[in-house]
Amino acid sequence: MRSIMIIDDSEADQFFAKLEIEKFDPAINIVQAYDGLEALETLKKAEVQPDVIFLDINMPRMTGHEFLEAYEKQSRKTSVVIML
């Protein structure tokens, strides 16, 4: 596993998820976004897509469900999405 994206509006949840991933394997690249819109923009710019996306459901601006709808329409969707 090379890269994981965490999409969550809670700074505390972001912190703890990142901490646990780094404990598991410090070599994993962790990409963070605080809502679905930020995540979509980040994914569009990324050269390499994350292997896994941890996705919060309740977020401002764009919920997890709305993110999934938009992500499904992208041609580069290659990640496994796990909803939290």
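Student: Which residues does G64 touch, not counting residues up to four places away in sequence?
Tutor: G64 touches L55, D56, I57, M59 and M83, where contact means heavy atoms within 4.5 Å. Mind that this is a predicted model: local features need pLDDT of at least 70, side-chain atom pairs count only at pLDDT 80 or more, and totals for chains, interfaces and linings use all residues. Numbering runs from 1 along each chain as its sequence is written, and side-chain values use heavy atoms, with hydrogens and water left out.

Student: Why does G64 count as buried?
Tutor: Buried means under 20% relative accessible area, exposed over 50%, and partly exposed in between (1.4 Å probe, protein chains only). G64 has 0% relative accessibility, so G64 counts as buried. You'll find G64 in helix α3; helices here are DSSP runs of H or I with at least four residues, strands are E runs of at least two, and both are numbered from the N terminus.

Student: What makes the buried residues of α3 line one face of the helix?
Tutor: The buried ones are G64, F67 and Y71. Down the axis of α3, they fall within an arc of 55°, so they line one face; the arc is taken from the directions from the helix axis to the C-beta atoms. On the other side of α3, E69 and K73 are exposed. Cover for the buried residues includes β1 (3–7), α2, β3 (52–55) and β4 (80–83).

Student: And α2 against α3, at what angle do they pack?
Tutor: Helix α2 (residues 36–45) and helix α3 (residues 64–73) pack at about 25°, with their axes 9 Å apart. The axes are lines fitted to C-alpha atoms, for helices over the stretch in contact, and angles run from 0 to 180 degrees between N-to-C directions. That makes α2 roughly parallel to α3, because angles under 35 degrees count as roughly parallel, over 145 as roughly antiparallel, 65 to 115 as roughly perpendicular and the rest as oblique.

Student: Which residues make that contact?
Tutor: On α2 they are G36, A39, L40 and L43, and on α3 F67, A70 and Y71. By class, that's six nonpolar, one polar and no charged residues; Ala, Val, Leu, Ile, Met, Phe, Trp, Tyr, Cys and Pro count as nonpolar, Asp, Glu, Lys and Arg as charged, and the others, Gly among them, as polar.

Student: Is S3 buried or exposed?
Tutor: S3 has a relative accessible area of 6%, so S3 is buried. S3 lies in strand β1.
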